[in-house]
2 protein chains.
Amino acid sequence: MLDHITTAAKQASRQWAVLSSERKNHALHAMAEALWDFRAQILAANELDYQAARFASYTEAKLDRLFVNDKRIQDMAEGLRQVATLKDPIGETMETIERPNGLKIVKVRVPMGVIAIIYESRPNVTVDAAGLALKTGNAVILRGGKEAINTNIALTKILRGAILQCGITPDGLQIIENITHESVDELLRARGSIDLIIPRGGAGLIQHVVEHSLVPVIETGVGNCHVYVDEAADLAKAMDIIMNAKTQRPSVCNAIETVLVHDAVAKEFLPMMANQLIAKNVQLRVCERSLSLLKVADIKDMTQVQLANEFDYETEFLDLILAVRVVRDLQEAMDHIARYGTLHSEAIVTENEDTAHTFLMEVDAAAVYHNASTRFTDGFEFGFGAEIGISTQKLHARGPMGLRELTSYKYLVYGSGQVRS
Amino acid sequence: MLDHITTAAKQASRQWAVLSSERKNHALHAMAEALWDFRAQILAANELDYQAARFASYTEAKLDRLFVNDKRIQDMAEGLRQVATLKDPIGETMETIERPNGLKIVKVRVPMGVIAIIYESRPNVTVDAAGLALKTGNAVILRGGKEAINTNIALTKILRGAILQCGITPDGLQIIENITHESVDELLRARGSIDLIIPRGGAGLIQHVVEHSLVPVIETGVGNCHVYVDEAADLAKAMDIIMNAKTQRPSVCNAIETVLVHDAVAKEFLPMMANQLIAKNVQLRVCERSLSLLKVADIKDMTQVQLANEFDYETEFLDLILAVRVVRDLQEAMDHIARYGTLHSEAIVTENEDTAHTFLMEVDAAAVYHNASTRFTDGFEFGFGAEIGISTQKLHARGPMGLRELTSYKYLVYGSGQVRS
């Protein structure tokens, strides 16, 4: 049923793959301009989605994510202009190999081909993904959420119009209008037509995609992140980092969910930490040893403190809840992270360089921090100038994915008649 | 049922990941020596497999692949010593980013973690895979074919012994002794315990793995490769390249299956090509236009020539069979390759640099050749010093996979208390 979409995207991907940087950047500017010129269409479409969502009693947070206004359209357009300023990765020579038989082998960066992105609510993902795909010469098939379908269709229509006006086939940008489970599953089976699927959304969506896809997938998202406060930690730094990583924006994947505290500093650190977190409305789920160190008299509000169970160590709360565990030593902290971590972001706070080195080398995660907040795991904070998601797998891309992570490579082999003996 | 194996491998992978190059190379030499010292055990085990295979009436070719003797044990040992000489990719700094807020971000190469390799018959894969895995700090779970199981168990036992004697946990090298379909399927479901699965074998095996795996897979193998003879081709070069790419070793994935010939040179080239190929016992499956150019009087043995159908263009013959098609121009050649190719290796023969450039840029394949045989798509021929397979997907690794392709990366982030605002 989606055959015409995947076929058109595949066909267009051959043209998009060889567009010059100039033509791509020109189109990105035209797309930005078109969003603003046709904003009335976007707002009208968004009004339909918004009213339907209100009628369906969406939470304020969900309504806000869905909502589009002039300012948000400006931001989307600005995002496209920003992508135009980034260096084009396509065609970059990654390596040159000269062989004794005279063959010259050049490894060059090329697009993936056709990328499908399956995502939920926020309409700006539609514009971001279209811009990043065009910049990297990849055709893209977008499958957004039901709740934003009118907005997404309007955005795509405007962007396709701008691309066409630049003399580029708009078929490299496709949106699936039929928002059913079947349309997702059809994408997942489109091996050969689609080169890569990136799911962006909740754990349920990601799990479904990973389990059913025949197309290669980059798993994004789940971050069960830890801060380990070492015996040699500067406790003021530890406090700042924990407060930032837990409370600055608790709903995101690079926020922390568990603090591990070395036994030697637990007695001093834990009551101080508990009070500051409780003052910010954070609920604590603590181990028995921690609980024994939190004296009722010292703690502002003991109702915010509960005994932790196995479930608390496993859970990505994405909320003002923090698990706390006292560990005997660095090794126990690293064992805990190896067991419960999701390979996303992990931090150690210590003034001991050797301990930090061991932690950074041995902890298996996309980003491992020494004396900094895990909240920096982000394409913009890493200086990539863009982000399509944060990978938690080890194949192909790890951590924040920018332009380069949307590319593959090929080998160009220059000969003069060489044959193999 | 394989839980103890995956758990042991995961556990060991943490130790193997941080081994120094010196210790790994020392172990590789010890493994090589042990193979020779205990060759009597290998030969005895291989005798069991070989007799069983003879009893099961295996073809001579299959029996030969299975067979091990002193010389082949020496070759396996030499392969391990060769891997010891290669540069260790682990720990390599790939990039350093300094951020305005003072964060220093270092992208370093790390192992994948636990790799499972599912393969058929040849016992040397057992030794190769063990050596490449250890060198790259990856634990490896081997699942070889039933027909070589005694040999594979003997080899693994000897290699594990040598690893243990070097003070390294041998649990990073695991072999599955229970050769059932269930043991493959259990590996495919072991998401979280296994980081990567590489299937090596026939199309059926690869298809099964791709369709059922929840673990990320690198697809290897199928090569429906083409040579395009352009109107500006040096026909002598074209002849040499086609003869080499078709007949030097027809059973491998980088051999060609179809020749595309520009109409302007078809009349001159096709009869000459046909006669040379027929002299080497190659059967031709030709398009109608080609057939009209092959006059019975000019061709040595017209019984070797048949009319091609769609199936012939799709098929990886892996045999002395070649499809031949006359095309109108470069574009038709590229369209044919886009339709029937498997993204493996494609070649153009031409003296026109512009035409070559267009072909190299626009054809989507792991390796695209100008005036050279496709048979060079190989880790050793590319100078990697090793090869674990040839990837035909675009995610993570493309073309020949050496040591680097068995690695991932992580970001080490050095701070002084930075938090995000």
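This is a predicted model: local features need pLDDT of at least 70, side-chain atom pairs count only at pLDDT 80 or more; totals for chains, interfaces and linings use all residues.
The contact between the chains takes 57 residues from chain B and 56 residues from chain A. On the side of chain B that touches chain A, two or more residues are given by each of helix H9 (203–212), helix H10 (235–247), helix H15 (353–362), strand S13 (367–372) and strand S16 (407–418) of chain B. The largest share of this side, eleven residues, comes from S16(B), and by class the side holds 28 nonpolar, 15 polar and 14 charged residues. Pairing of strands also links the two chains, as strand S16 (residues 407–418) of chain A and S13(B) pair in the parallel sense over five bridges; in S13(B), B:Ala367 is the bridge partner of A:Tyr411.

Within chain B, helix H11 (residues 263–279) has 17 residues, which at 1.5 Å a residue should span 24 Å, and its end C-alpha atoms are 24 Å apart, in agreement with that expectation. B:Phe269 is itself one of the buried residues of H11(B), the others being B:Ala266, B:Leu270, B:Met273, B:Ala274 and B:Leu277. Just after this helix, B:Asn281 takes a positive phi of about 70 degrees.

Most residues other than glycine have a negative phi. Two further residues with a positive phi are found in loops. A:Ser57, which is not a glycine, has a positive phi of about 60 degrees and lies in the loop between helix H3 (39–55) and helix H4 (60–66) of chain A; A:Ser57 counts as exposed because it has 8 C-beta neighbours inside 10 Å. B:Leu318, likewise not a glycine, has a positive phi of about 55 degrees and is found in the loop between helix H13 (310–314) and strand S11 (321–327) of chain B. With 17 other C-beta atoms within 10 Å, B:Leu318 is partly exposed.

Terms used:
Residues are numbered from 1 along each chain as its sequence is written. Chains are lettered from A and ligands numbered from 1 in the order in which they are written. Helices (H or I, at least four residues) and strands (E, at least two) are DSSP runs, numbered from the N terminus. The expected span of a helix is 1.5 Å times one less than its number of residues. A residue is buried if 20 or more other C-beta atoms lie within 10 Å of its own, exposed if 12 or fewer, and partly exposed in between; C-beta atoms are placed from the backbone. Two residues are in contact if their C-beta atoms, placed from the backbone, lie within 7 Å. Ala, Val, Leu, Ile, Met, Phe, Trp, Tyr, Cys and Pro count as nonpolar, Asp, Glu, Lys and Arg as charged, and the others, Gly among them, as polar. Two strands pair if DSSP finds at least two bridges between them.
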